[in-house]
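Here is a short briefing on one protein chain. Keep the sequence and the 3D view side by side as you read.

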Amino acid sequence: MIEFESKMIDEESFALNYADAEGYYHRALQFQANKQRPSLVFNIAAVALERYLVALCDLYGEDPRNHNYITLMRTVETLVELPKDINKRIKAMDWIFGICSIDEYRHPNPDEKDMENALVLCVEVQKLFDPKRVAAVKELLKKILLEALS
C-alpha cells in the first residue's frame with residue numbers, strides 16, 4: 001500500500017479493478033457489435049460498471065464496504081462530483097437486479113434500453129477518474145515494482 005495525499009491507497013487493488021473494468025467494458029462492446037442479446041451485453045456492462053466504481057473508491061483510498069450500486073454510489077459521491085442524473089441512474093441499477101429487496105425479489109430480463117444505459121454509464125464513470133491522480137498512482141506502483149525487482 002502507498003500513501004497518497006494522507007490516504008492509504010491499495011495500488012494493486014486499484015490496478016486490478018481498473019483493468020477488470022476496462023476488460024469487461026470492451027467485452028460488452030464486442031458482444032454488442034456481434035449482435036448478442038441485450039441482456040448478455042447488459043450483464044457484462046453492469047460488471048464493468050461495478051468494477052469502475054470499486055476502482056474509483058480504490059483510487060481515493062476508500063472502502064465501499066459493499067458492492068451493490070447504492071452503497072458504491074454513497075461512497076463515490078463523497079469522493080468526486082458527479083451529475084445527479086448519473087448518480088440516480090447508477091443507483092437504479094440495483095432495481096434491475098432486485099438487490100436489497102428480500103420481500104420482493106425480482107430479476108427482470110434487461111432489454112435494449114437497459115443495455116444502452118449500462119454502456120453509457122460506463123462511459124460517464126470513466127470520465128470521473130482524475131487522470132493526474134491515476135498517473136500518480138500508476139507511477140508509484142511502477143516504482144514499487146521496480147524496487148521489488150532490484
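Of the chain's 150 residues, 43% count as buried. The model is a predicted one. Seven helices and two strands make up its list of elements.

**Overall layout**
- Along the sequence, the pattern reads β-β-α-α-α-α-α-α-α.
- Take the contacts between residues at least 6 apart in sequence: 64% of them join residues at least 24 apart.
- The accessible surface is about 8800 Å². Carbon and sulfur atoms account for 53% of that surface.

**Helix α1**
- Helix α1 covers residues 11-33, which is 23 residues.
- An α-helix has 3.6 residues a turn, so residues three or four places apart point the same way.
- K35 follows α1 and has a positive phi, near 60°.

**The largest nonpolar core**
- This core holds 44 residues. L49, Y52, L53, I90, M93 and F129 touch the most other members.
- Two or more core residues come from each of α1, α2 (38-59), α3 (69-76), α4 (84-91), α5 (93-97), α6 (112-126) and α7 (131-149).
- Helix α2 gives the largest share, 15 residues.

**A closer look at L53**
- Set aside the neighbours of L53 within four places in sequence. L53 is then in contact with Y69, L72, M73, V76, I90 and V125.

Terms used. Residues numbered from 1 in each chain as written. Predicted model: local features only at pLDDT ≥ 70, side-chain atom pairs only at ≥ 80, totals over all residues. Heavy atoms only, no water. Helix = DSSP H or I, 4+ residues; strand = E, 2+ residues; numbered from the N terminus. Expected span 1.5 Å × (residues − 1). Core = buried A, V, L, I, M, F, W, Y, C linked by side-chain atoms within 4.5 Å. Buried < 20%, exposed > 50% of the residue type's maximum accessible area, 1.4 Å probe, protein only. Contact = heavy atoms within 4.5 Å. Areas by Shrake-Rupley, 256 points an atom, 1.4 Å probe, with all protein chains shown as cover.
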